[in-house]
Amino acid sequence: MTQATATRPAADNSDLIYSLRRWLPLPAILFMVAVTQVPLVVTLGFSLERWNLLRPQRRRFQGIDNYPDVLSDPNFFTIILNTLIITLSVVAATLVLGILLALLLNRDFAGKGVVRTMLITPFLIMPTVSAVLWKNVLFNPAFGLLAALAAMLGLQRPDMLQDFPMFSVVIVTVWQWTPFMMLILLAGLQSLDHDQIEAAQIDGGGYLTLFRYIVLPHLRRYIELAILMETLFILSIFGVIFVLTSGGPGTQTTNLSYGIYQEAFQRWDIGEASAMGIFAIILANIVVLLFVRVLRRGQAEEVTA
Amino acid sequence: MRVESAGLRQDLPGHSRKQNRKPLRAFAQPALAYCLLIAGIIIVVLPLMWAAAASFTPNHKVFEYAYPFSWRALFPVDFTLEAYENLFARGFGRAVRNTFFLAVSTVIIGGAANALAGFAFGRFEFRGKNLLFLTVVMLTFMVPVDLTAIPRYILVNSFGWINTWQGLLIPGLANSLVIFLFRQFFAEIPQELIDAARVDGATWLRVLVSIIMPISKPVLVAASLLMFIGQWNSFFWPLLIAPRKEMRVVQVEISLAIGQYGTVWNELLAGSMIAAIVPILLIIPFQRYYVQAITGTGLD
């Protein structure tokens, strides 16, 4: 999505285009600007105000004071760290599992369609519903499947959400997002040139060599795309945390989205929540640009190697 | 050196398997692959089967076979529709209808708005186009939508739109990915195709209906899927904007139900099953288009 400026030459002489161009773009574009840009600008504005909805009469402009306030809150760093931990571990785990499953599904076997459909299912289940299922079916410390498994093995029944809250959030999110990675990478594998593979096999490359030098470079663009899109979604997951842990215990699983939600809609501090929102937007952009940079550099090394 | 490729078996012609000089390896690799696949399926399917079976079980028996675990937990041995009947008596059907209505409205209205914007970006030259494209599409894409919920909430509130359909619907219509899809599609239609029809005396409406529409099926399906899933899965916004009972969507209903009647396990699971089945039935036949939509955005 980088060639934003690469547009077609203008079709000035077509009177279809000419008759439309005067009025058609305007309302659609204006609407898009209104719904996408106004919230950003307004967030910036609110972040410069002292404004708590519980004390609306004290609302006033106060400059950048909210920003040092947010930064000096020790919880804020926990929240940033949590967001990064969740995002990085989910993306890494889904990438590995996604590649593995895509390679397995790229073989021919009986019932392939059914298996693929089954493996996609978690991605199609609403996030809160997945969280409800995991919380009650698997993680329930009294009757859950994990408790049953632990009892069978003679272990102590684990209370996952209490003892390993972050791990639980990550597991549920990985369960949900692995099919996304798998689907995109499977599309990549299926577009692989068969002749290239055969040529490499005739030249005598082992499976790992084949994977390392032909499959992986070919998949790189698919991996890049899938990571980029997944990162954007995982950075702001909300439903799973809301249902599973409510950010707890304490702030152990509070990410930026959930922290902003608490600040704005439980403490009603719009000013500070907006400042957190600005930090979150900056973080999202940094993470995405870093990912792109790292992946691009890897690509450059691939060429020069 | 002879080559055996486990994951790429389909790329090998059938005879190469027979030529294999390492029969043990040739046997072990598919076996390992099948074990991994089966493990994957169990992890995915077991909780779903358990939940599905439990949703057809009387509430006091939901955990009877789960702990200690037996195979009976995966099948509804004491089959009953009690959970579903109670659930719909409580008005869960309304939440399903609300979610469906919202998702379909988003696809129709949002589809039209995003297509127009994509058309403008793809076919028109106007001042500030690149800047607008950069902010409306690229920047919006890089900012997770939930992070700007506060200003949107306050704006919607100041319009008096809390607990209204327009408050739920309008802020979610713009979808940068969908605009981008349409932009690519419209930019790639050859001008000659349109010019030829114009020379033959077709009106622009006719060009739209008989030339552009028929070739736009893939982009329409892909865009519709993206918007439908996006709206079907949205939770944060409906939770803020429409908490009133009559307006609740499925996700809000289920998440609030945990606290409210959390011990009615079979109803909670029955609700989850209904919520899961709709997108599964809808997406599975169209998954090809979905993948095309995602991969088509960044790979050319």
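Which helix of chain A does Leu145(A) lie in? Leu145(A) lies in helix α7 of chain A. The views below are taken from a predicted model, in which local features need pLDDT of at least 70, side-chain atom pairs count only at pLDDT 80 or more, and totals for chains, interfaces and linings use all residues. Residues are numbered from 1 along each chain as its sequence is written, while chains are lettered from A and ligands numbered from 1 in the order in which they are written.

**View 1. Helix α7 of chain A, with Leu145(A) and Ala147(A).**
Helices and strands here are DSSP runs, numbered from the N terminus (helices H or I, at least four residues; strands E, at least two). Helix α7 covers residues 145–152 and holds Ala147(A). Burial is counted from C-beta atoms placed from the backbone: a residue is buried if 20 or more others lie within 10 Å of its own, exposed if 12 or fewer, and partly exposed in between. Ala147(A) is buried, because 24 other C-beta atoms lie within 10 Å. Leu145(A) has 19 such atoms within 10 Å, so Leu145(A) is partly exposed. Ala147(A) and Asp159(A) are 12 residues apart in sequence, and their C-alpha atoms are 8.3 Å apart. Leu145(A) and Asn52(A) are 93 residues apart along the chain, with 44 Å between their C-alpha atoms.

**View 2. The kink in helix α11 of chain A.**
Helix α11 runs over residues 207–235 and has 29 residues. Its end C-alpha atoms are only 35 Å apart. A straight helix would reach 42 Å at 1.5 Å a residue (the expected span is 1.5 Å times one less than the number of residues). A kink of about 45° is centred on Arg220(A). The bend at a residue is the angle between axes fitted to the seven residues ending there and the seven starting there.

Ser246(A) is in the loop between α12 (239–244) and α13 (256–265). Ser246(A) is partly exposed because 13 other C-beta atoms lie within 10 Å. The loop between α13 and α14 (270–304) holds Trp268(A). Trp268(A) has 14 C-beta neighbours inside 10 Å, so Trp268(A) counts as partly exposed.

**View 3. The largest nonpolar core.**
A nonpolar core is a set of buried Ala, Val, Leu, Ile, Met, Phe, Trp, Tyr and Cys residues joined through C-beta atoms within 7 Å. The largest one has 162 residues. Ile184(A), Leu185(A), Leu181(B) and Phe182(B) have the most contacts inside it. Helix α9 (residues 165–190) of chain A gives the most to this core, with 15 residues. Domain 1 (9–80) and domain 2 (86–298) of chain B each supply at least three residues to this core. Contacts are pairs of residues whose C-beta atoms, placed from the backbone, lie within 7 Å. Leaving out residues up to four places away in sequence, Ile184(A) touches Tyr222(A), Leu225(A), Ala226(A), Val291(B), Ile294(B) and Thr295(B).

**View 4. Where chain B touches chain A.**
Chain B brings 87 residues to the contact and chain A brings 95. On the chain B side, helix α2 (residues 23–55) gives the most, with 11 residues. That side divides into 61 nonpolar, 17 polar and nine charged residues. Ala, Val, Leu, Ile, Met, Phe, Trp, Tyr, Cys and Pro count as nonpolar, Asp, Glu, Lys and Arg as charged, and the others, Gly among them, as polar.

**View 5. The two domains of chain B.**
The domain assignment gives domain 1 (9–80) and domain 2 (86–298); such bounds come from an automatic or database domain assignment. Seven residues of domain 1 are in contact with seven residues of domain 2. The domain 1 side has four nonpolar, three polar and no charged residues.

Of the 305 residues of chain A, 43% count as buried. In chain B, buried residues make up 44% of the 300.

How values were computed: Contact = placed C-beta atoms within 7 Å.
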